[in-house]
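Open the model in your viewer and keep the selection tool at hand. The stops below say what to select next.

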Amino acid sequence: MDKKGVMFAVFLGWCGGYRFYKKQYGLGFLYLFTCGLFCIGWFVDIVVALSNKPAAAAPALTEKGRFHTKIVGVTFPTTQGGCSTRQEALADMRRKDTLSVKYYEYDGEPAYMVVLDRNYSDIGNLSADLASEIYRKYNDCVIKVVDWEVTGGDERQNYGCNIELAFYK
């Protein structure tokens, strides 16, 4: 039983408290303006809260390594996503954007593509030597881009990108 959820359902369910607690904001406002859907929704929320179990915590990941590197191949066309060139994708990046690293094979060798998550445009790759090292040392790890910085940018664009990678297991 989710004790916190039950408390919200019992004491604040009539005004949408349980729905706000569950991050169901639309229903929360509906409950707020209809007195818990004329008390019927309030009663249902109490029953649901009593029968729900709290979500299990995700297992903690341990950091196994971290390093900085530059992205290579940033002047080539994109192979996927919403931008036509990698330079266009780099020019469009904002601080709130997130990047991810995707594994693939190139000529039978391990390779890693860096992707702008917002529009799925690839912005380049990790170098072949680095890809081999990552595959050898961290193949069973989750790779996260924990920081990035776009560099350069002149009248011909000429953008680059440095990233910081962390490896978790």
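Here is the tour, stop by stop.

This is a predicted model: local features need pLDDT of at least 70, side-chain atom pairs count only at pLDDT 80 or more, and totals for chains, interfaces and linings use all residues. Numbering starts from 1 along each chain as its sequence is written, and side-chain values use heavy atoms, without hydrogens and water.

Stop 1: Select β1 (63-70) and β5 (142-154), the edge strands, each pairing on one side only. The open sheet runs in the order β1-β6-β5, with antiparallel pairing. Strands are DSSP E runs of at least two residues, helices H or I runs of at least four, both numbered from the N terminus. Two strands pair if DSSP finds at least two bridges between them. Now pick His-68; Glu-164 in β6 stands opposite.

**Stop 2: the helix on the sheet.** Select helix α6 (residues 128-138), which packs on the sheet and touches β1, β5 and β6. Contact means heavy atoms within 4.5 Å. The direction of α6 makes about 175 degrees with that of β1. Axes are lines fitted to C-alpha atoms, for helices over the stretch in contact; angles run from 0 to 180 degrees between N-to-C directions.

**Stop 3: the hairpin.** Select strands β2 (residues 99-106) and β3 (residues 109-116), antiparallel over eight bridges. Leu-99 stands opposite Leu-116 in β3. Two residues lie between the strands of this hairpin. In the turn, Asp-107 has a positive phi of about 50 degrees.

**Last stop.** Select Leu-12, in helix α1 (residues 3-12).
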